[in-house]
Amino acid sequence: MKKEYIIPIFVPHLGCPNNCIFCNQKKISGQTKMVTAKDVKETIEYYLKNFKDNYKYVEVAFFGGSFTAIETKIQEELLQAVQPYIQNKKVHSIRISTRPDAIDKQILRRLKRYHVKTIELGVQSMNNYILSRCQRGHTVEDVKKASKLIRLHGFILGHQMMVGLPESTMQDEINTTKEMIKLKPKIVRIYPVLVIKDTPLAVEYEKEEYIPLTVTQAVERCKEVVALFNQKKINVIRIGLQNTEEISDPSKEASQVAAGPFHPAFRQLVEAGLWYDSILKEIKKINTKVIQVKILANSENINNIIGHKKENIVKLKEVYDVDVIVEASEEIKPGKFKIEILKTYE
Ligand code: SF4
């Protein structure tokens, strides 16, 4: 299988006409000036030089901002800058992210002409009250319309959702997930809300009008959401913002995070939590009281089974008094596991 590489290009907030209360794209991307065609070329050249693999699939990804809300001329300049690399097969496709109300047939035809393959929509919530509470400036109807058009025009549809938006409950997150699933995205990104400095949300936080989720609460909500996407085999490609100098522990000076459920291994906490629940469920099904069990699983799942800082193993011992040994077995498919009872009480 070809190894996939992404060349990320951040299009800052300047491209977006909106002001969502949680957003300060300049702080998140660490970039305040609009990218140019020259920047695009330089970034591609830099990454291509550093990819060692010969057998690879390379995608240029315009992240951040709202790509299709930028002036058409600038969009075309940026997309045009990638075309020579697509023609000489050094780059294979382009992905963009944008707002649901910045999609129409004309925009999609333009993206097709420039070999864009994947379009990620910032859905955030499928509840109109929460969307307007966050000043998103679009509605659930816009998400539905844009998602259908994107799929109809043959693009890969991606959705991004936020967990822990103001006034959003666990039930709201579940409803959003179910509504998103109906629109058949192929890929999904889940972002627990972090309070970014110099945003209206940071002001609400200071006035104690918005209380962010704790890490534990955010993990619990994300577990529910991820489990629903997993059931439908929708690929969750990211959980939590990428750690950078700006997105880091709020106690660090350079961090632009004022508060919220930041954790450097957030995804692992969610995945390990899901493993913990399913292992515990199996252990509880065993008819006798066990002292020690062995869990066999594919090597790619071992870290999440053990958990962040061995949390799962420690918790099973402390709460249920079960010793767990974890062993890799390539005979077991990724995502599955087998339990062997090693010792039980007489
Ligand atoms: S639409 Fe996206 S880029 Fe624009 S303000 Fe909202 S979150 Fe930020």
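## An exposed aspartate

With 12 C-beta neighbours inside 10 Å, Asp198 counts as exposed; the cut-offs are 20 or more other C-beta atoms within 10 Å for buried, 12 or fewer for exposed and anything in between for partly exposed, with C-beta atoms placed from the backbone. Asp198 sits in the loop that runs between β7 (195-196) and α8 (200-206). Although Asp198 is not a glycine, its phi is positive, at about 60 degrees.

Before going on, please note that this is a predicted model, where local features need pLDDT of at least 70, side-chain atom pairs count only at pLDDT 80 or more, and totals for chains, interfaces and linings use all residues. Residues are numbered from 1 along each chain as its sequence is written.

Most residues other than glycine have a negative phi. Glu208 also has a positive phi of about 60 degrees and is not a glycine. Its place is the loop between α8 and α9. Is Glu208 buried or exposed? Glu208 is exposed, as 7 other C-beta atoms lie within 10 Å.

## The chain as a whole

The protein chain has 12 helices and 12 strands, which are DSSP runs numbered from the N terminus (H or I, at least four residues, for helices; E, at least two, for strands). Its radius of gyration is 22 Å, close to the 20 Å from the globule rule for 346 residues, so the chain is as compact as a globular protein of that length. That radius is taken over C-alpha atoms, and the rule is 2.2 Å times the number of residues to the power 0.38.

Along its principal axes, the C-alpha trace spans about 75 × 55 × 40 Å. Buried residues make up 39% of the 346 residues. Of the contacts with a separation of 6 or more, 77% link residues 24 or more positions apart; a contact means C-beta atoms, placed from the backbone, within 7 Å.

## Helices α7 and α9

Two packed helices are described by the angle between their axes and the distance between the axes. For α7 (residues 170-182) and α9 (residues 215-231), the axes come within 10 Å and cross at roughly 20 degrees. The axes are lines fitted to C-alpha atoms over the stretch in contact, with angles from 0 to 180 degrees between N-to-C directions. The two helices are therefore roughly parallel to each other, a label for angles under 35 degrees.

Where do they meet? Met170, Glu173, Ile174, Thr177, Lys178 and Ile181 in α7 meet Arg221, Glu224, Val225, Leu228 and Phe229 in α9. By class, this contact has 6 nonpolar, 1 polar and 4 charged residues.

Methods
Contact = placed C-beta atoms within 7 Å. Parallel < 35°, antiparallel > 145°, perpendicular 65-115°, else oblique. Nonpolar A, V, L, I, M, F, W, Y, C, P; charged D, E, K, R; others polar.
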